[in-house]
Amino acid sequence: MIYLASPYSHPDPAVREARFHAVCREAARLTKEGYTVFSPIAHSHCICQHGLPLEWIFWWRIDAEFIKRSDEVWVLMLDGWKESTGVQAEIRLALEFEKRLRFVEPSQ
């Protein structure tokens, strides 16, 4: 299973929405190629609209569990991935859990 990390949090809701759609497109493409993909953003974006916080501090425990259960962690290099607190924490967790780490460009 691939854990597909990507940036999400941003003060502008339009940026969050664009990031959500970009990671969903990538997750769909990878799924069509036969991969089993979990994207925390694709999973949690809609849930957050019902009162859950957006910050990594809330999601880290959940995401850490999915990273533990994944075979690989792929980082979708959307704008902001290097600055993203969540993505950088996911990279550290991947290394801590000795998961294969791969950086991928978004498809168009």
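1. What is the volume of the largest pocket? The largest pocket has a volume of about 330 Å³. Among its 21 lining residues, Y8, S9, L54, W56 and G86 come closest to its centre. Helices α2, α3 and α4 each give two or more residues to this lining. By class, the lining of the largest pocket holds nine nonpolar, seven polar and five charged residues.

2. Some ground rules. This is a predicted model, in which local features need pLDDT of at least 70, side-chain atom pairs count only at pLDDT 80 or more, and totals for chains, interfaces and linings use all residues. Residues are numbered from 1 along each chain as its sequence is written, and side-chain values use heavy atoms, with hydrogens and water left out.

3. A pocket is an open set of points with protein on both sides within 12 Å along at least five of seven lines; a cavity is a set where a 1.4 Å probe fits but cannot get out; lining residues have an atom within 4 Å of a point. Points are joined across faces, edges and corners, and a volume is the space filled by probe spheres set on them. Ala, Val, Leu, Ile, Met, Phe, Trp, Tyr, Cys and Pro count as nonpolar, Asp, Glu, Lys and Arg as charged, and the others, Gly among them, as polar.

4. Now the cavity. The structure holds one cavity of 30 Å³ or more. The volume of the largest cavity is about 30 Å³. Its lining is made of F38, P40, H43, S44, W59, I62, D63 and F66. Helix α3 gives the most, with four residues. Five lining residues of the largest cavity are nonpolar, two polar and one charged. Helices here are DSSP runs (H or I, at least four residues), strands are E runs of at least two, and both are numbered from the N terminus.

5. Helix α1. It has 20 residues and reaches 29 Å from first C-alpha to last, close to the 28 Å expected at 1.5 Å a residue. The expected span is 1.5 Å times one less than the number of residues. D12 caps the N-terminal end of α1, with a side-chain oxygen 2.9 Å from the backbone nitrogen of A14. That is a polar contact (N or O atoms within 3.5 Å; within protein, one must be able to donate a hydrogen and the other to accept it, and residues adjacent in sequence count only if both atoms are side-chain atoms). After α1 comes G34, with a positive phi near 105°. The buried residues of α1 are R16, R19, F20, A22, V23, E26, A27 and L30. Buried means under 20% relative accessible area, exposed over 50%, and partly exposed in between (1.4 Å probe, protein chains only).

6. Salt bridges. Side chains of opposite charge can pair when their charged atoms come close. A salt bridge is a side-chain nitrogen of Lys or Arg within 4 Å of a carboxyl oxygen of Asp or Glu. The whole structure has five of them. E26 is buried at 1% relative accessible area, whereas R29 is partly exposed at 29%. A network of salt bridges links E26, R29 and E33.

7. Two further pairs. R69 and E65 meet in a salt bridge (2.9 Å, N to O). They are about one helical turn apart because four residues separate them in helix α3. R69 is exposed at 59% relative accessibility, while E65 is partly exposed at 31%. R100 and E72 also meet in a salt bridge (2.9 Å, N to O). This pair links distant parts of the chain, with R100 in strand β4 (residues 100–104) and E72 in strand β3, 28 residues apart. R100 is partly exposed, at 48% relative accessible area.

8. S84 lies in the loop between β3 (72–76) and α4 (85–96). S84 is buried, at 14% relative accessible area. A polar atom of its side chain lies 3.1 Å from the backbone nitrogen of V87. Helix α4 has 12 residues and spans 16 Å from first C-alpha to last, close to the 16 Å expected at 1.5 Å a residue. Its buried residues are G86, V87, A89, E90, I91, L93 and A94. Just after α4, E98 takes a positive phi of about 55°.
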